[in-house]
Every structure is written in C-alpha cells, then in structure tokens.
Amino acid sequence: MMIDMERFPFSEKDESLGVASSLPYLPLTFTYRNHSLLVSGLLDTGASVNVLPYDMGIQLGADWKRQKIPVRLTGNLAQLEARVLIVSAKVAQFAPVRLALAWTQANNIPLILGQVNFFLEFDVCFFRSQSVFEIRPKQSQ
Amino acid sequence: MGLEQLLPTLQTLPRADKLRIVQYLISELAKEEGITLFEADKNYPIWTPYNCFEAADTLLNALEAAEATNDD
C-alpha cells in the first residue's frame, strides 16, 4: 500500500533573519503513560540520538527517578546526566511509533529528533531551497 | 562624512586596520542581507550529540527490551 508523504514548512526562528534562520521543526504528539503533549522537534540528521529537554519530560508526566538506564551524550550535553525514556509518538495522520529518547537535564536545547530512532522510523526528504520537508513512515522491504 | 573625505583617511591607515575595516564592512553587509556570521572570541555551543554511538546503542537496546515486555 502506498503511504502518502506529509509536507511541512521550515520554521523561521528569527523573523528579522528570515530564511537564514529557517529550520526543519516537526510538530508531533508524545504520549507517555496516558499523558499526551504536543511538541515540536528539530529534525537533526547529524544527531546520533533523540534528545528530550528536561522540562518537556516533566510536562509529559515522566519521573526522573524512575528512569534507570543512563545514557552518555557527547558535546555540550556530555556534562549533564541523561536517561532513557521511551514514549509513543504520533506524526500527522500516521500510526503512532515508539521513540527512545535521551532525556537530559538540559533545558536550553530544542527537542532533537536524531538517527536513533526517529530516522529509523521515518523517511524524510528535505527541500531546503523551497523551505519545506516531506515525511512518511518507513516502508517495509 | 562622505566617501570622498573618507578614502584619503582610509589610505593612511595601517594594514591591520584596513583588514579590520574590510571585516567590519562584510559583517555589516551580511547583517543587512540577513546572514549571521560567526564573531571572533565568542562561544557558540553545539548541542547536537554527534558520533554518540554508544548512546544510540543504549537506546536501541532499551527499545528492544520495551518491545519484548510491551512496556513504556
């Protein structure tokens, strides 16, 4: 069965800088133990993992102390503790998928959607010259 | 001050100052065009977890375990 792509515009993060500040932010809904939260995640193909800012995890109803699996991050995030959090994620009209997030204690970052496992679940095509991207669930072989 | 008065003054400047003026003008033009340039001696944090493969492996193992137990 052919699954349609969903198209989203890039978001301008700074109106005064216009297209220079455009980034691919994807709206999606996270669900964790009956709590749902509409979030916006940065599609970051250079990121090895998904990263969830601390406050977003709290808004989602997650309890830091209950997350037992530590994750070691790199770069600026290496200095802060991170733990695994698994949530259900729904993009557009597509069926929900399970995403594993590195829940960090950092807050001054966006929600990062990275290779593991966002890009394992979704195929994404960027059209930066048109400031849009298209997305669809992974296709079975 | 107009360009006619400015040019003779600029010609008298030492080489280092001329280079600084070139940098300044490029930066000003970039701002007008909406292009952000990096500034010297300023820190630009990069939050993207590059080459974080151990963490990626940890997440994949946690997913596998969650799927096996059908847990969150």
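Start by selecting Arg136(A) and Asp123(A): their side chains meet in a salt bridge, 3.9 Å from N to O. Arg136(A) lies in strand 12 of chain A and Asp123(A) in strand 11 (residues 122-127), so the pair ties together parts that are 13 residues apart in sequence. Keep in mind as you click around that this is a predicted model.

How open are these two side chains? Arg136(A) is partly exposed, at a relative accessible area of 23%. Asp123(A) is partly exposed too, at 32%.

**Next stop: more charged pairs**

Side chains of opposite charge can pair when their charged atoms come close. Over all chains, a search of the whole structure turns up 4 salt bridges.

Glu134(A), with 18% relative accessibility, counts as buried, because the cut-off for buried is under 20%.

Now jump to Glu81(A) and Arg83(A), another salt bridge, with the closest N and O atoms 2.8 Å apart. Glu81(A) is partly exposed at 41% relative accessible area, while Arg83(A) is buried at 17%.

**Next stop: the aromatic rings**

Select Phe8(A) and Phe133(A) and show their rings. A pair of aromatic rings is described by the distance of the centres and the angle of the planes. The whole structure holds 8 aromatic pairs over all chains. Phe8(A) and Phe133(A) make one that is stacked, with 5.6 Å from centre to centre and 25 degrees between the planes. Which strands does this pair link? Phe8(A) belongs to strand 1 (residues 6-9) of chain A and Phe133(A) to strand 12 (residues 132-137), and the two are 125 residues apart. Both Phe8(A) and Phe133(A) are buried.

Together with Phe8(A) and Phe133(A), they form one aromatic cluster.

**Next stop: a buried asparagine**

Go to Asn117(A), in the loop between strand 10 (111-113) and helix 2 (118-121) of chain A. Asn117(A) has a relative accessible area of 1%, so it is buried. Where does its side chain reach? Follow the side chain of Asn117(A) to the backbone oxygen of Arg98(A), at 3.0 Å.

Then show what surrounds Asn117(A). Apart from neighbours within four places in sequence, the residues in contact with Asn117(A) are Asn50(A), Arg98(A), Leu99(A), Ala100(A) and Leu63(B). Leu63(B) is your way over to the other chain.

**Last stop: where chain B meets chain A**

Colour the two chains separately and select the interface. On the chain B side, 24 residues are in contact with 32 residues of chain A. Chains A and B bury about 2,300 Å² between them, and 66% of that is on carbon and sulfur atoms. The side of chain B that touches chain A divides into 15 nonpolar, 6 polar and 3 charged residues.

How many salt bridges are there between chain B and chain A? The count is 0. For polar contact, 6 residue pairs are found across the interface, both partners being at pLDDT 80 or more.

Notes
Residues are numbered from 1 along each chain as its sequence is written. Chains are lettered from A and ligands numbered from 1 in the order in which they are written. This is a predicted model: local features need pLDDT of at least 70, side-chain atom pairs count only at pLDDT 80 or more; totals for chains, interfaces and linings use all residues. Side-chain values use heavy atoms; hydrogens and water are left out. Contact means heavy atoms within 4.5 Å. Buried area is the accessible area (1.4 Å probe) that two parts lose on being put together, summed over both. A polar contact is a pair of N or O atoms within 3.5 Å; within protein, one must be able to donate a hydrogen and the other to accept it, and residues adjacent in sequence count only if both atoms are side-chain atoms. Ala, Val, Leu, Ile, Met, Phe, Trp, Tyr, Cys and Pro count as nonpolar, Asp, Glu, Lys and Arg as charged, and the others, Gly among them, as polar. Rings of Phe, Tyr and Trp (its six-membered ring) pair if their centres lie within 6.5 Å; planes under 30 degrees apart count as stacked, over 60 as edge-to-face and the rest as tilted. Helices (H or I, at least four residues) and strands (E, at least two) are DSSP runs, numbered from the N terminus. Buried means under 20% relative accessible area, exposed over 50%, partly exposed in between (1.4 Å probe, protein chains only).
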